[in-house]
Amino acid sequence: MEVLVASSSTDAGIGCWDLQTGAELLRYKSCASTPHGLVCVGQRFLASSQSHNGIPSSGSVFYWSWSKPQVEVKSFLAEQIMTLAANREGTYIVGGGLSGDIYLWEVASGRLLRKWDGRNRGVSCLVFSNDDSLLISGFEDGWITVWSLLKILDDYRSQEGSKLYEWSFREHVERVSDIKSGCGGHNTVIVSAGMDRTCKIWSLLEGKLLGNIEFETPIEAIALDPGERVFYAGGWNGVIYVARYPKSLSSKNHGLHIIGSFPNKSKVYCLEYVASRNILVSGSQDGWVRVWDVRSRKTIGQFRHGKGGVNNIIVVRQQLYPNPQTSSRRHGSLLPPLEKYANSTNEGTSTKTVIGFQETYSKSMDAKYLSSHMINNHIEDLQQQGPAASEMEMDRLELDCQKARQMVQQWKKMYEDLHQYCVNELLEEGTEARGPMRKSA
């Protein structure tokens, strides 16, 4: 099932619909989210930063499990959190503050692992790269900074005062309203939108601007085509533009890169491209969520969220109601709230996160997330239970190790096949370039 989830800055809750049938599945209560402030954490639960009208000393993040409309966990934080992001596995939640500070929490324990100064202006958007190795942040003053997650989690580099970012650049002259990352990890491109009526394309590998497209209106939201041939830009004038990636930095022919549009008729706040259905979903100021057929550029469905404008949209592929026993054990109120401050008593200890191996991809939302101190507690429990429990645990660990070895062998085989394929392709191209060999007389 593909579930469409939407929220707004007014206390209208979170709407949840079946994307195929259009039926509303559940309405999650007590949510007034900030822009870019709604995330699905590892497909296990929803998290949203709450709007407090820009009060610096007031900040909160709420959790909802999939099966209950009420808020499950409330976290009250040191400042207003303007935007949230979570990595693909749901191990970490990152929040950008009104002050420009960025916070990194461990989901399983709620611990604040790191807080660092991004800039002196508020964080307007956060997004992880496709491989979760980089964190890209946009700011109110037009700056974009690319952070290395490995550097952020490296205590030695942090204590040395080494720079945590890979790149930092400013081409937007006003607020960065949205950032989307393509596929390819470090070798990908990102597209940024700004209130300066431009969208810019960047290379993460080289850290430089690849292209610039100017529009007739400020752009609030963007969505990328998976093939990275075009992207979609939602404007304040109610139009969703279809733009082709430019091949040069020349701004003289910027109009040629805008190849079409969708008549949304209301100010666009958010966009999401659903590759599995080849559709575009938009959230607007008028409180409607519209579903667009990309080829015909016509609406094929719409959902009424509420009175306020829809400022967040996410599409999640999963069952709406997971196993109740799993939900009550690992999710819900058993998840600790996010820490307001870093625990000063643990400053000298290292923090590590271990992601347990999954038996099948269908069980990804039940992945185990264990921090180092939780593992130590588990060892103590086994020691108290006696040798029988320890033997069972050893058997389980041996089975996990065997599965890990099998996975490594599979990846090695895939690499060897890909390497042989590339060699054969190069040999064939070289033979064709030389042409047929003539026989000697």
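This note goes through the predicted model point by point.

1. Basis. The model is predicted: local features need pLDDT of at least 70, side-chain atom pairs count only at pLDDT 80 or more, and totals for chains, interfaces and linings use all residues. Residues are numbered from 1 along each chain as its sequence is written, and side-chain values use heavy atoms, with hydrogens and water left out.

2. Largest pocket. Its volume is about 1700 Å³. A pocket here is an open set of points on a 1 Å grid over the protein atoms alone, where a 1.4 Å probe fits, with protein on both sides within 12 Å along at least five of seven lines. The volume is the space filled by probe spheres set on the points, which are joined across faces, edges and corners.

3. Pocket lining. Lining residues have an atom within 4 Å of a point. There are 49 of them, and Arg88, Val127, Glu272, Ile314 and Val315 are the closest to the pocket centre. Strand 28 (310-317) is one of the elements that give two or more residues. Strand 28 gives the most, with 7 residues. Strands are DSSP runs (E, at least two residues), numbered from the N terminus. By class, the lining holds 26 nonpolar, 13 polar and 10 charged residues. Asp, Glu, Lys and Arg count as charged; Ala, Val, Leu, Ile, Met, Phe, Trp, Tyr, Cys and Pro as nonpolar; the others, Gly among them, as polar.

4. Val3. This residue sits in strand 1 (residues 2-8). Val3 is buried, at a relative accessible area of 0%. Buried means under 20% (1.4 Å probe, protein chains only). The C-alpha atoms of Val3 and Val315 are separated by 5.6 Å, although the two are 312 residues apart along the chain. Beyond its neighbours within four places in sequence, Val3 has contacts including Trp17, Trp66, Ile314 and Val315. Contact means heavy atoms within 4.5 Å.

5. 4 strands are ordered 12-13-14-15, with antiparallel pairing. Two strands pair if DSSP finds at least two bridges between them. Strand 12 and strand 15 (165-170) are the edges, each pairing on one side only.

6. Inside the sheet. Strand 13 (residues 134-139) and strand 14 are joined by 5 bridges, and Leu134 is opposite Ser148. These two strands form a hairpin with 3 residues between them; Gly142 in the turn has a positive phi of about 95 degrees. Strand 14 (residues 143-148) also has 5 bridges to strand 15. There, Val146 partners Trp167, and Trp143 faces Arg170.

Technical notes
Buried < 20%, exposed > 50% of the residue type's maximum accessible area, 1.4 Å probe, protein only.
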